[in-house]
Amino acid sequence: MSRRQDLPRVTVIGAGSWGTTFGKILADGGAHVTMWARRPELANEINEAKRNSEYLPGINLPREMAATHHLSEALDGAEQVYLSIPSQALRQNLKAVRPLVARSDVPIVSLMKGVERRTGLRMSQVIEQELHCEPSRIAVASGPNLALEIAREQPTAAVISSTSQETADAVARRARNRYFRTFVNTDVIGTEFGGVLKNLIAVAIGIVDGVGYGENTKASIITRGLVEMTDFAVARGAQHETLQGLAGLGDLIATCQSPLSRNNTAGRLLGQGYSFQDVIKQMNQTAEGLASVAPVLQLAKEAGIEMPIVEQVKRVLDGTMNPRDIAPHLTTDDDSPKGERTHNGQAGGGGALWRSLQRTLDQFRDGGRRPPRD
Ligand SMILES: NC(=O)C1=CN([C@@H]2O[C@H](COP(=O)(O)OP(=O)(O)OC[C@H]3O[C@@H](n4cnc5c(N)ncnc54)[C@H](O)[C@@H]3O)[C@@H](O)[C@H]2O)C=CC1
Ligand SMILES: O=C(CO)COP(=O)(O)O
């Protein structure tokens, strides 16, 4: 594995579709990227053919990308570490990563969009626990980021979030290039939950698509889905505006519209009548939403938040609801008409004032030199 000594070194753990695409983003942005792949044959293919034909068919990878299946080799000298494996496998992998990330100033960046099924924790929380690192060292990347479109270099925006403005800025500067623009924010909770929750709404969209329902149904689910996402995330500590940004509305639109989305695809198969077990067998890539439904509903219950769409996705997954019945159930099933507004949508007064204060503060802090806020 040869390395250009003059380039900044970054490591991506996980060489699936998003890990490899992000590696390409970083390499095209001027870094030397070392991918860690679980399987040696995939590492060989990336090294020798500059391809990852299973996950990114037809894409040529940059010369500045190398790969290894040895974790210690992958992490050697990394200035930033990006994590992109299925959320349910993160904790066990971090146990092996921990002794290898010796420097305490290396930012750790989550590219993942799931919550841990057993604990309900977000990925940044799992990282904090397993790597014993300060939250300020952790960043998350999210947004409307369908891997294959970005690998084809189609212009895309994303948001990098960290509780530390400095960490968010450093990662955003590294993770950008001519086709990939990064904004920043400091709302890690909202940014992570945006990515988790839009997957669940995309499963719902897939289900009604599979049934054969049209655009009214889908637009209704997307709109009400955003309300559910916002109510949930704000109740768990997010800022309302984050859910209106790239990591919320932006990603919701991309994922609900695209047949490239694995969550959308899984939903479509369910809507066509396949059982949950059949869908799992047919999916050869990660559909995070399927594992996130139960922990999200548990967190919603604890926060006293109603999520009728997500509830019904769970019932379809459990086989206790016919996918055809999902559409009439866009609100909870009582007779009283519901107000359309989100629980937390009273942002009109206090929220607007807060936003304008924040913008002013940002301008003072930034002096225009930082990546823009999402
Ligand atoms: N593909 C996409 O368009 C995007 C995906 N994401 C997120 O990125 C994360 C990773 O997803 P993808 O790369 O798309 O999934 P993928 O299914 O394409 O790849 C997953 C990778 O993890 C590896 N893996 C599977 N089980 C593992 C284990 N137990 N230990 C270590 N490695 C394991 C696989 O071999 C594969 O290399 C997910 O959280 C997903 O939500 C985020 C944005 C875009
Ligand atoms: O997160 C994504 C796009 O932003 C990818 O969505 P899927 O995981 O459903 O493919």
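Leu 197 is buried in this predicted model, its relative accessible area being 1%, where anything under 20% counts as buried. The residue belongs to helix α8, and once its neighbours within four places in sequence are set aside, Leu 197 is in contact with Met 229, Phe 232, Ala 233, Val 296 and Met 307.

Helix α9 comprises residues 215–235, and at 1.5 Å a residue its 21 residues should span 30 Å, which agrees with the 30 Å between its end C-alpha atoms. After α9 comes Gly 237, which has a positive phi, near 110°.

The packing of α8 against α14 can be described in turn. Two packed helices are described by the angle between their axes and by the distance between those axes. The axes of α8 (residues 188–211) and α14 (residues 289–303) come within 9 Å and cross at roughly 110°, which makes α8 roughly perpendicular to α14, and the crossing is left-handed. From α8 the contact draws on Phe 193, Val 196, Leu 197, Asn 199, Leu 200 and Val 203, while α14 contributes Gly 289, Leu 290, Ser 292, Val 293, Val 296 and Leu 299. By class, this contact of α8 with α14 has nine nonpolar residues, three polar ones and no charged ones.

Definitions and conventions
Residues numbered from 1 in each chain as written. Chains lettered and ligands numbered in written order. Predicted model: local features only at pLDDT ≥ 70, side-chain atom pairs only at ≥ 80, totals over all residues. Heavy atoms only, no water. Axes fitted to C-alpha atoms, helices over the stretch in contact; angles between N-to-C directions. Helix = DSSP H or I, 4+ residues; strand = E, 2+ residues; numbered from the N terminus. Parallel < 35°, antiparallel > 145°, perpendicular 65-115°, else oblique. Left-handed = near helix turned anticlockwise from the far one by under 90°. Contact = heavy atoms within 4.5 Å. Nonpolar A, V, L, I, M, F, W, Y, C, P; charged D, E, K, R; others polar. Expected span 1.5 Å × (residues − 1). Buried < 20%, exposed > 50% of the residue type's maximum accessible area, 1.4 Å probe, protein only.
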